[in-house]
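Here is a brief report on one chain. Look at the fold before reading on.

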Amino acid sequence: MQIPAKADYAIRALLSLANSDEPMSAAALAEEQGLPAKFLGAILSDLRRAELVISHRGAAGGFILAR
């Protein structure tokens, strides 16, 4: 069974967020996982619209798990 790259990257990003105690930027997630930053940004936007992650703007902002 093949898993699409988009689903694989989304799961990897969610796992990284689950292990983090503070918000992580899309760039930090991309660097940590070795993923394309622009593609991961689009995936994180989809996850935000699905209410799986919450985004915060600003210097201390980033993404966190919604639940």
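Where is the place of Glu51? Glu51 sits in the loop between H3 and S1. This residue has a positive phi of about 60 degrees, although it is not a glycine. Glu51 counts as exposed because its relative accessibility is 56%, and the cut-off for exposed is over 50%. The model is predicted, so these values describe a prediction.

**Overall fold**

The chain has three helices and two strands. From the N terminus on, the order is α-α-α-β-β. The radius of gyration is 11 Å; a compact globule with 67 residues would have a value near 11 Å, so the two agree. Along the principal axes, the C-alpha atoms fill a box of roughly 40 × 25 × 20 Å. The chain exposes about 4,600 Å². Carbon and sulfur atoms supply 54% of that area. Of the 67 residues, 27% count as buried. Consider contacts between residues at least 6 apart in sequence: 43% of them join residues at least 24 apart.

**The nonpolar core**

In soluble globular proteins, nonpolar side chains tend to be buried together. Here the largest nonpolar core has 14 residues. Leu17, Leu29, Leu40, Leu44 and Leu47 touch the most other members. The elements that give two or more residues to this core are helix H1 (5–19), helix H2 (26–33) and helix H3 (37–49).

What does Leu40 touch, not counting residues up to four places away in sequence? The contacts of Leu40 are Tyr9, Ala13, Ala26, Leu29, Ala30 and Leu35.

Ser16 is found in helix H1. Is Ser16 buried or exposed? Ser16 is buried, because its relative accessible area is 4% and the cut-off for buried is under 20%. Leaving out residues up to four places away in sequence, Ser16 touches Met24, Leu29, Glu32 and Gln33. With Gln33 there is also a polar contact of 2.6 Å, side chain to side chain.

Lys6 is found in helix H1 too. Lys6 counts as partly exposed, at 42% relative accessibility. Apart from neighbours within four places in sequence, Lys6 is in contact with Phe39, Ile43 and Asp46. The side chains of Lys6 and Asp46 make a polar contact of 2.9 Å.

Asn19 also lies in helix H1. Asn19 is exposed, with a relative accessible area of 69%.

**The hairpin**

Strand S1 (residues 53–56) and strand S2 (residues 62–65) run antiparallel. Four bridges join them. Which residue in S2 is the bridge partner of Val53? Val53 has Leu65 as its partner. The hairpin has five residues between the strands, and in it Gly58 takes a positive phi near 105 degrees.

In a regular strand the side chains alternate between the two faces of the sheet. Ile64 is found in strand S2. What is the exposure of Ile64? Ile64 is partly exposed, with a relative accessible area of 27%. Setting aside neighbours within four places in sequence, Ile64 is in contact with Leu17, Glu22, Pro23, Leu52, Val53, Ile54 and His56. Leu17 is also among the core residues that touch the most other members.

| Pair | Separation in sequence | C-alpha distance |
|---|---|---|
| Ile64 and Leu17 | 47 residues | 6.0 Å |
| Lys6 and Leu40 | 34 residues | 8.3 Å |
| Asn19 and Leu65 | 46 residues | 10.0 Å |

Each row ties back to a residue described above. Leu65 is the bridge partner of Val53. Leu40 is one of the core residues that touch the most other members.

Notes: Residues numbered from 1 in each chain as written. Predicted model: local features only at pLDDT ≥ 70, side-chain atom pairs only at ≥ 80, totals over all residues. Heavy atoms only, no water. Pairing = 2+ DSSP bridges. Core = buried A, V, L, I, M, F, W, Y, C linked by side-chain atoms within 4.5 Å. Buried < 20%, exposed > 50% of the residue type's maximum accessible area, 1.4 Å probe, protein only. Contact = heavy atoms within 4.5 Å. Rg over C-alpha atoms; globule rule 2.2 N^0.38 Å. Areas by Shrake-Rupley, 256 points an atom, 1.4 Å probe, with all protein chains shown as cover. Polar contact = N/O pair within 3.5 Å; in protein donor to acceptor, adjacent residues only side chain to side chain.
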